[in-house]
Amino acid sequence: MSNFLRKLSVSNRNSLLRIIAIASAGSGLLYANSNSNSRANVAVKVPAALQESLSLPWRITQYIFPCPSLLSSDQWQPGMLPLFSSRVGSAPSSDIKKDNSGVVEGDPKPCCNCLGRDTIANAAARVGPAVVNLSVPQGFYGITNGKSIGSGTIIDQDGTILTCAHVVVDFQGMRGSVKGKVDVTLQDGRTFEGTVVNADLHSDIAIVKIHSKTPLPTATLGSSSKLRPGDWVVAMGCPLSLQNTITAGIVSCVDRKSSDLGLGGIRREYLQTDCAINAGNSGGPLVNVDGEIIGVNIMKVLAADGLSFAVPVDSVSKIIQHFKKSGRVVRPWLGLKMVDLNEMIIAQLKERDNTFPNVNKGVLVPMVTPGSPADRAGFRPGDVVIEFDGKPVESIKEIIEIMGDRVGVPMKVAVKRAKDNLVTLTVIPEESKSDM
């Protein structure tokens, strides 16, 4: 075989490759199926004597043999040649089933966490029936002069609908809903009159209630804590009153700060996505590929495409618990401006002031509100909080979680000051007022 190939002229490249393919077939490297719909891929191990000739910078081709005309050269078709590998398989028949992930049944190595052709459609189908269109009549002194539109999701069979506060309540005193009623339309065409039962303006989350004598579709709340930038998500709702609209995208940022968006007041964090949302999407669900709600769509940047924001569902779940417990969201207030510290910030602060405390982590206090609980407790600008209520802390988020809804409860706080002076303070949080 090698002597025969050495005598061949390598100048005729196509002839050379054809002969190699035929020789391989004769040597038993080619396997064929009698099914006329099958195709066989040829894998050739090239002798060392020819490797140098075949390594020239021309395009190497693969010849595919439609069966049963296995060796008919006029049927050969060009393609890329995967050397030293061989796999022959028939096209999947129409009766082969696929699971929800888009994997063909019977595959010995199913692809976990793969995005299949039906993944997004299946996720939307699980939540879609529970997504509702909200229409709120607006007016003054009982005279209707327009409507506010939005979306929501039924999260409980008792008719609890999760939505945005700005869709169903008055934010700036410029408009008011007539008798506090909301017109609710389901995907299946049923209509109800809903009532706003809870609303929190700071988080922009509200609860609307409807009553039905027949079963209502519901959606499941998931978790947003494990989301990563790049995860696929689906935005659902009724933009411009176009009910049952679905758009898809990815998570762009999992912890976009309200301060990054120029929003003052209480610190908030949002999920940033590139899903297309418009007026009417507010209050609609942001859904993961498992068909679980992981956020509530709340706003977009008008002057840009692909900049949409949602309230993380973990925050929403806490707000719902507050609603059930107190009828409102109770937020303790200290009167501190706080900044999370990291190695780079600490290095810069030490470079500017050699008396800055020696810490590796903690929360910096750059400002204290006069007359606030923190001011009365003795906090000073420049303090670094290292422990709160007896627990080590590294971030503002941890302090907020430790406080929870405990208003009027004394808490011990350990702070480090200039020249490593360690001080323990006692602060009594007050409930945040609506204008803070």
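Two strands count as paired here if DSSP finds at least two bridges between them. Keep that in mind for point 2, and note that this is a predicted model.

1. **Overall picture.** The protein has 436 residues, and buried ones make up 39% of them. Its secondary structure comes to nine helices and 23 strands. If you take the contacts between residues at least 6 apart in sequence, 57% of them join residues at least 24 apart. The accessible surface is about 24,100 Å², and carbon and sulfur atoms account for 52% of that.

2. **Strand β12 and its partners.** Which strands pair with β12? One is β11 (residues 245-257), which runs antiparallel to β12 and is joined to it over four bridges. On that side, Lys257 stands opposite Glu269 of β12. Another is β15 (residues 308-312), also antiparallel to β12, with three bridges between the two. There, Thr273 stands opposite Ser308 in β15. As for cover, β12 itself spans residues 269-273, and four of its five residues are buried.

3. **Helix α9: which way does it face?** This helix covers residues 396-403, and its buried residues are Ile396, Ile399, Ile402 and Met403. Looking down the axis of α9, these buried residues fall within an arc of 125 degrees, so they line one face of the helix. What covers them? The cover includes strands β16 (332-333), β17 (336-340) and β18 (363-368), along with β19, β20 and β21 (411-417). Just after α9 comes Gly404, with a positive phi of about 60 degrees.

4. **Two aspartates with positive phi.** Asp204 belongs to the loop between β7 (191-200) and β8 (205-209). Asp389 is another non-glycine case, with a positive phi near 55 degrees. Its place is the loop between β19 (383-388) and β20 (391-392); recall that β19 and β20 are among the strands covering the buried residues of α9.

5. **Buried or exposed, those two?** Asp204 has a relative accessible area of 8%, so it counts as buried, the cut-off being under 20%. Asp389 comes in at 22%, which makes it partly exposed.

6. Asp183 is part of strand β6 (residues 181-185). With a relative accessibility of 31%, Asp183 is partly exposed. What does it touch? Leaving out residues up to four places away in sequence, Asp183 is in contact with Asn133, Leu134, Ser135, Pro137, Lys147 and Phe192. Pro137 lies 46 residues from Asp183 along the chain, yet their C-alpha atoms are separated by 8.1 Å.

7. **Cysteines.** For the record, a disulfide is a covalent bond between the sulfur atoms of two cysteines. How many disulfides does the model have? With sulfur atoms within 2.5 Å as the requirement, the count comes to zero. Two cysteines to look up are Cys164 and Cys238. Cys164 has a relative accessible area of 0%, so it is buried. Cys238 is at 1%, so it counts as buried too.

Key. Residues are numbered from 1 along each chain as its sequence is written. This is a predicted model: local features need pLDDT of at least 70, side-chain atom pairs count only at pLDDT 80 or more; totals for chains, interfaces and linings use all residues. Side-chain values use heavy atoms; hydrogens and water are left out. Buried means under 20% relative accessible area, exposed over 50%, partly exposed in between (1.4 Å probe, protein chains only). Contact means heavy atoms within 4.5 Å. Accessible areas come from the Shrake-Rupley method with a 1.4 Å probe; for residues, only the protein chains shown count as cover. The arc is that of the directions from the helix axis to the C-beta atoms.
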